[in-house]
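Hi,

Here is the structure I promised to pass on. Please have a look at it first, and then read my notes below.

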Amino acid sequence: MEYDLREITINEDFFLRIFENKKELRVQMSGDLDFRIFSLVDTAIKENIKKFEIPILRIDMEDLEFEDSK
C-alpha cells in the first residue's frame with residue numbers, strides 16, 4: 001500500500017511522520033517526548049490531521065521515549 005509521507009521535526013530529538021492513503025492515516029512518533037514539548041506535539045498532530053476525512057487513524061508510538069514523566 002502506498003502512502004504520502006509528511007515529516008515534522010518538533011526538535012532535534014522528536015519527530016512526527018504522517019502517512020496518508022485513501023483508507024487510513026498513520027501518525028508515527030519517535031524520539032524523546034517530555035512535558036516541555038508536549039503542547040507542540042499535540043498542536044502539530046491536530047493541525048495536520050484535522051483536514052483529512054479518512055475513517056481510520058493509527059498512532060504508532062513504538063519508538064517513543066517518555067522523559068521526565070511521572
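Let me start in the helix: Lys-46 and Asp-42 both belong to helix H1 (residues 38-49), where they sit 4 residues apart, about one turn of the helix. Helices here are DSSP runs of H or I with at least four residues, strands are runs of E with at least two, and both are numbered from the N terminus. The two residues form a salt bridge, with 3.1 Å between the closest N and O atoms. By salt bridge I mean a side-chain nitrogen of Lys or Arg within 4 Å of a carboxyl oxygen of Asp or Glu. Lys-46 counts as partly exposed because its relative accessibility is 48%, and Asp-42 is partly exposed too, at 28%. For these classes, buried means under 20% relative accessible area, exposed means over 50%, and partly exposed is in between (1.4 Å probe, protein chains only).

Before going on, a word on where this comes from. This is a predicted model, in which local features need pLDDT of at least 70 and side-chain atom pairs count only at pLDDT 80 or more, while totals for chains, interfaces and linings use all residues. Residues are numbered from 1 along each chain as its sequence is written, and side-chain values use heavy atoms, with hydrogens and water left out.

The structure holds 5 salt bridges. One of them joins the side chains of Glu-7 and Arg-17, at 2.6 Å from N to O. Glu-7 is in strand S1 (residues 4-11) and Arg-17 in strand S2 (residues 14-20), so this pair ties together parts that are 10 residues apart in sequence. Glu-7 is partly exposed at 45% relative accessibility, and Arg-17 is partly exposed at 21%. Arg-17 also has its C-alpha atom 6.8 Å from that of Leu-5, 12 residues away along the chain.

Another salt bridge links the side chains of Arg-58 and Glu-24, again given as 2.6 Å, N to O. Since Arg-58 lies in strand S4 and Glu-24 in strand S3 (residues 24-33), the pair ties together parts that are 34 residues apart in sequence. Arg-58 is partly exposed at 45% relative accessibility, whereas Glu-24 is buried at 10%.

Which backbone nitrogen does the side chain of Asn-21 reach at 2.8 Å? The answer is that of Glu-24. A polar atom of the Asn-21 side chain also lies 2.7 Å from the backbone nitrogen of Lys-23. Asn-21 itself is in the loop between S2 and S3, and with a relative accessible area of 10% it is buried.

Two surface patches

Patches are made of residues with over 30% relative accessible area and no salt bridge; like charges are joined within 9 Å, and nonpolar side chains (Val, Leu, Ile, Met, Phe, Trp, Tyr) within 5 Å. Areas come from the Shrake-Rupley method with a 1.4 Å probe, and for residues only the protein chains shown count as cover.

Leu-57, Ile-59, Met-61 and Phe-66 make a nonpolar surface patch of about 400 Å². Phe-66 lies in strand S4 (residues 56-66) and is exposed, at 53% relative accessibility.

A patch of negative charge brings together Glu-12, Asp-13, Glu-62, Asp-63, Glu-65 and Glu-67. Glu-12 is in the loop between S1 and S2, and its relative accessible area of 63% makes it exposed.

Best wishes

Key: Polar contact = N/O pair within 3.5 Å; in protein donor to acceptor, adjacent residues only side chain to side chain. Lys, Arg positive; Asp, Glu negative; His and termini not counted. Charge placed at Lys NZ, Arg CZ, Asp CG, Glu CD.
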